[in-house]
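The following paragraphs go through a structure by its side-chain contacts.

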Amino acid sequence: MISPRWRHIRTKLTLWHMLMLGVILLIYSASASALLLRHLRTQLVRHAIQDLETVEGLFYFTSTGRLGFHEDYHNHPESREVLERLLEVRSPDGEVLFRNTLLGNRSLGDQILPQEGSGGYSPREKILADGTKVQIVSRRHLIAGQPTLIRVAYSEAPIWQHFREELMVLIIPLPFVLAIAGVAGSFLAKRALQPMQQMARRAEEITGDRLHSRLPINEADGELADLARVFNGMLGRLEQSFEQLRRFTSDASHELRTPLTAIRSVGEVGLRKEVTPAEYRDIIGSMLEESNRLTRLVDSLLTISRADAGQLVLQPSTFPAIHLVRDCASLFEVLLEERGQHFVVQGDETLQVYGDWLLLRQALLNVIHNAIKYSPNGGEIVVTLGHLGLDRISISIEDSGPGIPLQDQEKVFDRFYRVDGARSRETGGTGLGLSITKWAVESNGGSISTVNVEGAGCIFRIELPGQAKAIS
């Protein structure tokens with residue numbers, strides 16, 4: 001199912017690009033407009049102050065005591081500005097002494113504010129009765145020795161007209177700028193996401209049979225190259241897991257088929273000919289032997305399956321390592337006696353182990369059983385308990401067998417791996433014991449390794465947490 005275009009990353013990036021650019025341009029336009037308006041108002045106040053300095057010398061009192069104004073000043077080159085001026089003169093008690101024609105009956109303030117015009121110029125804003133917004137500058141002045149308050153005002157209408165014109169210049173191109181930015185952003189997003197599209201197409205081609213394929217990596221792609229490396233690492237782990245699963249399935253099928261074929265072959269042979277009761281007992285004994293081997297194999301497979309699924313819950317506790325070793329050795333007393341082998345325990349018997357008793361017991365049983373199987377009759381199996389420091393202990397199991405070839409030492413813990421397959425089948429081995437042992441030891445926070453010289457026996461060394469260290 002194809003998702004709507006608005007859900008595409010390219011579309012989202014383009015829309016976010018346009019939105020952010022639009023917000024930035026609006027903020028810029030608003031800031032620039034505010035600064036422009038402030039500047040225009042400041043200029044208007046400065047013009048009013050300059051004009052007030054001019055008109056102060058144009059007032060005079062007539063013979064009748066009325067305040068007059070030299071209209072011949074209109075011949076001045078700045079007469080247009082004079083005509084736009086709103087002018088009002090009041091006495092200290094607030095009486096109106098003069099209003100120019102442009103101001104008419106309107107007032108620039110019925111009352112004189114405290115300290116208005118004293119000690120300099122007093123600028124302020126005011127809205128007149130007819131709604132006209134003006135900038136007023138006041139100053140106290142002596143006219144013919146008589147104190148007065150002169151007010152000069154200018155309407156803000158011209159500066160607002162200029163402000164609107166400048167604002168339109170900023171806003172009108174905005175949609176066109178956003179449209180161009182959208183086209184450019186879409187193009188850039190397409191170029192930036194092109195490596196991701198290539199990875200997606202390559203990923204679609206990767207199936208269970210093509211896990212060896214990898215996504216293309218171009219170091220120039222930056223973060224996308226890192227993403228490709230992460231996916232390639234994941235594909236590598238998946239390939240390894242699938243290969244292990246295939247090998248495990250193949251090996252398990254082969255191991256299961258072997259005892260079943262043996263049981264069927266023995267049964268068919270027994271049915272083809274007349275046999276004595278003693279021969280029947282031999283046939284049934286052979287079938288039971290293969291059945292026992294099949295049961296052990298199935299139990300091992302179930303253990304591994306539960307371990308892989310994380311269904312086995314550890315129940316750690318602290319117990320003496322020597323008790324674990326002696327409990328395992330007691331199960332092999334009969335086998336040791338039959339083979340004339342000697343089982344020796346040495347080292348520090350006071351060491352404590354922290355872990356799951358049952359799992360560690362199973363692990364140690366597998367290693368000791370291997371040591372007994374591969375040691376010759378009359379041989380010796382030596383278990384050594386040691387302290388490694390930092391709350392770690394070691395349990396070493398040394399046999400007197402032929403050892404493990406160097407090329408096989410790293411593979412002995414693999415599932416279904418046998419150093420000598422034919423000999424392992426003769427001794428009832430399934431190739432899963434050491435794999436289960438490694439899982440059990442590592443699940444308890446430990447490790448297992450081999451130390452041996454080919455032809456001179458083998459040592460399995462198990463390291464485990466001591467009493468004071470819990471399983472991580």
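**Side-chain contacts in the predicted model**

Arg 229 has a relative accessibility of 35% and therefore counts as partly exposed, where buried means under 20% relative accessible area, exposed over 50% and partly exposed in between, with a 1.4 Å probe and protein chains only. This is a predicted model, in which local features need pLDDT of at least 70 and side-chain atom pairs count only at pLDDT 80 or more, while totals for chains, interfaces and linings use all residues. Residues are numbered from 1 along each chain as its sequence is written, and side-chain values use heavy atoms, with hydrogens and water left out.

The partner of Arg 229 in a salt bridge is Asp 226, with the closest N and O atoms 2.3 Å apart. A salt bridge here is a side-chain nitrogen of Lys or Arg within 4 Å of a carboxyl oxygen of Asp or Glu. Both Arg 229 and Asp 226 belong to helix 5 (residues 223-272), where they are three residues apart, about one turn of the helix. Helices (H or I, at least four residues) and strands (E, at least two) are DSSP runs, numbered from the N terminus. Asp 226, at 41% relative accessibility, is also partly exposed.

The count of salt bridges comes to 15. Side chains of opposite charge can pair when their charged atoms come close. Glu 88 takes part in a salt bridge with Arg 90, at 3.1 Å between the closest N and O atoms. Here Glu 88 is buried at 0% relative accessibility, and Arg 90 is buried at 3%. Glu 88 also forms a salt bridge with Arg 99, with 3.0 Å between the closest N and O atoms. That pair links distant parts of the chain, since Glu 88 is in strand 3 (residues 86-90) and Arg 99 in strand 4 (residues 96-99), 11 residues apart. Arg 99 has 26% relative accessibility, so it counts as partly exposed. A network of salt bridges links Glu 88, Arg 90, Arg 99, Asp 110, Glu 116, Arg 124 and Arg 151.

What does the side chain of Gln 135 make a polar contact with? One partner is the side chain of Glu 125, at 3.2 Å, and a second polar contact, of 2.6 Å, joins Gln 135 to the side chain of Glu 156. A polar contact is a pair of N or O atoms within 3.5 Å; within protein, one must be able to donate a hydrogen and the other to accept it, and residues adjacent in sequence count only if both atoms are side-chain atoms. Gln 135 is in strand 6 (residues 133-143) and is buried, at 5% relative accessibility. Setting aside neighbours within four places in sequence, the residues in contact with Gln 135 (heavy atoms within 4.5 Å) include Arg 41, Leu 44, Val 45, Arg 124, Val 152 and Tyr 154.

The largest nonpolar core holds 35 residues, of which Leu 364, Ile 395, Ile 397, Ile 462 and Leu 464 touch the most other members. Such a core is a set of buried Ala, Val, Leu, Ile, Met, Phe, Trp, Tyr and Cys residues joined through side-chain atoms within 4.5 Å. Two or more residues each come from helix 7 (321-330), helix 9 (357-374), strand 11 (380-389), strand 12 (392-398), helix 11 (433-443) and strand 14 (458-465). Helix 9 gives the largest share of this core, nine residues. Ile 397, not counting residues up to four places away in sequence, touches residues including Leu 364, Val 367, Ile 381, Val 383, Cys 458 and Ile 462. Apart from this core lies another, of 19 residues, with Phe 69, Val 89, Val 137 and Ile 150 among them.

There are five aromatic pairs in the structure. Trp 160 and Phe 163 are an edge-to-face pair because their ring centres are 5.4 Å apart and their planes lie at 85 degrees. Rings of Phe, Tyr and Trp (its six-membered ring) pair if their centres lie within 6.5 Å, with planes under 30 degrees apart counted as stacked, over 60 as edge-to-face and the rest as tilted. Both residues are in helix 3 (residues 157-171), three residues apart. Trp 160 is partly exposed at 27%, whereas Phe 163 is buried at 12%. Phe 59, Phe 69 and Phe 98 make up one aromatic cluster.

A search of the whole structure for disulfides (pairs of cysteine sulfur atoms within 2.5 Å) finds zero. Cys 328 is buried, at 0% relative accessible area, and Cys 458 is buried at 2%.
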